[in-house]
Amino acid sequence: MDDSTQPEKQRRRRGAKARAVTDEKVSLDPKSLKRKIEEALKRSDSTIRSLEKKDDMIDGKKKKKQKVPKEGEDGYMSKTQIRNARKRRSKQRKQQIPDTSDGDDVDGGDDTSGPKKKRKKNKKKGLNKDPSLRYINDPKAAPLVKKAKTYFEEKKIPFQVHVSKTSGWRTVSKLPVRRSSDDDNTTIIGLFKPGSHTIVKVPDCIAHHSSINKTITFLEKECDKFGIEPFNEINGEGSLRYVCINVERSTGK
């Protein structure tokens, strides 16, 4: 049947259907799809650029980008130096925060002030205690010994712990060197308090060989005499951070 003989309404409907089909074909055409995607990407890029420009502006003025110094230039820092600088900054921030854990009660009551003062005194005593004496009365209670016992028990292998002498057994030592926080401001060579970097002076450490204790006392005096600056963890300055003292068992030297 020829289109000319069809009613006008039917022809119009067919024309609308034909237009819908052609629109679908156009939308499914790969070239048109690619063009639409490119246009969308351009719009997103322009939006991102405008946002970046806003970020770069402070009070209508353009921010100056900080130039990172390259190797050989002034101010250059390696990855290790950058990491250590971050650690120092975090320590400085912690030191700036006041410690209110042992402070007076807010209400000012007398009931709680006594125990708090006692706890503070006990903390000070703990700072001067030799960390190597922690398990001196019961060496089998040391975490490493317990871990070994548990491991062998799980494997069903007999494991016995034999305790040798508890004094003068340590002949190899690596000891930190720091500046005293007291008024005398002298050099300290000692041990770190467990779980911290608070140094404890141990001139007569029972665990150390007697030669190590003598060497520690000698080195502390020599450092103060010749002005050798111990390492400072806050600013990263200082020329002496650790000392390693080894003793030959046969000769004791």
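The second largest pocket of this predicted model has a lining of 20 residues, and those nearest its centre are Ser-132, Tyr-135, Pro-139, Ala-142 and Trp-169. Elsewhere, 4 strands come together in an open sheet with antiparallel pairing, and helix H6 lies across S3, S4, S5 and S6. The points below take up the pocket, the sheet and the helices in turn.

**The second largest pocket**

- The volume of the second largest pocket is about 470 Å³.
- Its lining comprises 12 nonpolar residues, together with 4 polar and 4 charged ones.

**The open sheet**

- The order of the strands across the sheet is S5-S4-S3-S6, and their pairing is antiparallel.
- Strand S5 (199–201) and strand S6 (242–246) form the edges, as each of them pairs on one side only.
- On average, neighbouring strands of this sheet are turned by 50 degrees against each other, with direction ignored.
- In general, the strands of a sheet pair through backbone hydrogen bonds, in either a parallel or an antiparallel manner.

**Pairing of strand S3**

- Strand S3, which covers residues 172–179, is joined to S6 by 5 bridges in the antiparallel sense.
- Within this pairing of S3 and S6, Val-172 stands opposite Asn-246 of S6.
- Leu-175 has Val-243 as its bridge partner in S6.
- S3 also pairs with S4, again in the antiparallel sense, over 3 bridges.
- Opposite Val-177 stands Ile-189, a residue of S4.

**Helix H6 and the sheet**

- Helix H6 is formed by residues 210–226 and lies across S3, strand S4 (187–192), S5 and S6.
- The helix runs at about 140 degrees to S4.

**Helix H5**

- Helix H5 consists of 12 residues, numbered 143–154.
- At 1.5 Å a residue, H5 should span 16 Å, and the distance of 17 Å between its end C-alpha atoms agrees with this expectation.
- Lys-156 follows H5 and has a positive phi, near 60 degrees.

Conventions. Residues are numbered from 1 along each chain as its sequence is written. This is a predicted model: local features need pLDDT of at least 70, side-chain atom pairs count only at pLDDT 80 or more; totals for chains, interfaces and linings use all residues. Side-chain values use heavy atoms; hydrogens and water are left out. Two strands pair if DSSP finds at least two bridges between them. Helices (H or I, at least four residues) and strands (E, at least two) are DSSP runs, numbered from the N terminus. Axes are lines fitted to C-alpha atoms, for helices over the stretch in contact, and angles run from 0 to 180 degrees between N-to-C directions. Contact means heavy atoms within 4.5 Å. On a 1 Å grid over the protein atoms alone, a cavity is a set of points where a 1.4 Å probe fits but cannot get out, and a pocket is an open set with protein on both sides within 12 Å along at least five of seven lines; lining residues have an atom within 4 Å of a point. Grid points are joined across faces, edges and corners, and a volume is the space filled by probe spheres set on the points. Ala, Val, Leu, Ile, Met, Phe, Trp, Tyr, Cys and Pro count as nonpolar, Asp, Glu, Lys and Arg as charged, and the others, Gly among them, as polar. The expected span of a helix is 1.5 Å times one less than its number of residues.
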